[in-house]
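Here is a short briefing on one protein chain. Look over the sequence and the model before reading on.

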Amino acid sequence: MIIQRYDDSRKEEVCDVVLGVLMEHGFEPDRLKDADLNDINDYYFGSGGTFFVGIVDDKVVGTAGVRKLDRNLCEIRRIYLKKAFRSKGYGKQLFRTALDFAEKSCSGAILKTDSTLMKAIDMYLKHGFTFQKEERGYMYFEKMF
């Protein structure tokens, strides 16, 4: 898998990956929660963050975003991977790329995930994130650099 910086030519593919993974896990698309997908450049790059795509055979198979919340804190989000590409280390590669960016540009990172996504939770804990709270089915994690 090749990891590249997002550009708008990949917008439709990114939306297909993200919304496809959400639906696979039983989550319906949500106009408010998924509003970042309408303008990825502004939402991620506009804040000083970034958005990565994982490419296999010139097709987007995964995503990873970092949104800066302020000068010191960022949020890692949209770690998604198509089902056929899981359990090959690609998800960890995408997450690690986002985490490396966060470590270079912030003093800490937060993230949240649905409490049913145990593989994601395990990966976050293994990379030094600590559990902060659970609220309405979401688990919140934090890591200071």
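A nonpolar core is a set of buried Ala, Val, Leu, Ile, Met, Phe, Trp, Tyr and Cys residues joined through side-chain atoms within 4.5 Å. Buried means under 20% relative accessible area, exposed over 50%, and partly exposed in between, with a 1.4 Å probe and protein chains only. The model is predicted: local features need pLDDT of at least 70, side-chain atom pairs count only at pLDDT 80 or more, and totals for chains, interfaces and linings use all residues. Residues are numbered from 1 along each chain as its sequence is written, and side-chain values use heavy atoms, with hydrogens and water left out.

**Cores**

- The largest nonpolar core has 25 residues; Ile76, Ile79, Phe95, Leu111, Tyr124, Phe129 and Phe141 touch the most other members.
- Two or more residues each come from strands E2 (50–56), E3 (59–68), E4 (73–81), E5 and E7 (138–144), and from helices H3 (90–105) and H4 (118–126).
- H3 gives the largest share of this core, six residues.
- Another core lies apart from it, with 16 residues, among them Val14, Leu37, Phe45 and Phe51.
- Helices (H or I, at least four residues) and strands (E, at least two) are DSSP runs, numbered from the N terminus.

**Sheet**

- Seven strands form an open sheet with mixed pairing, in the order E1-E2-E3-E4-E5-E7-E6.
- Strands pair if DSSP finds at least two bridges between them.
- Strands E1 (2–5) and E6 (130–135) are the edges, each pairing on one side only.
- From one strand to the next, the twist averages 25°.
- E1 and E2 run antiparallel, joined by four bridges; Arg5 has Phe52 in E2 as its bridge partner.
- E3 and E4 also run antiparallel, with six bridges, and a hairpin of four residues joins E3 to E4.
- Gly65 stands opposite Arg77 in E4.
- E4 and E5 run parallel, through three bridges; Glu75 stands opposite Ile110 in E5.
- E4 is mostly covered, with eight of its nine residues buried.

- Axes are lines fitted to C-alpha atoms, for helices over the stretch in contact, and angles run from 0 to 180 degrees between N-to-C directions.
- E4, H3 and E5 make a right-handed β-α-β unit: with the strands pointing away from the viewer, the path from the first strand over the helix to the second runs clockwise.

**Residues to inspect**

- Contact means heavy atoms within 4.5 Å.
- Phe95, leaving aside neighbours within four places in sequence, is in contact with Ile76, Ile79, Leu111, Met123, Tyr124, His127 and Phe129.
- Thr113 lies in strand E5 (residues 108–114). Thr113 counts as buried because its relative accessibility is 7%.
- With neighbours within four places in sequence set aside, Thr113 is in contact with Ala120, Ile121, Tyr124, Gly137, Tyr138, Met139 and Phe141.
- Leu32 lies in the loop between H1 and helix H2 (40–44). Leu32 has a relative accessible area of 66%, so Leu32 is exposed.
- Leu32 and Arg5 are 27 residues apart in sequence and 24 Å apart in space, C-alpha to C-alpha.
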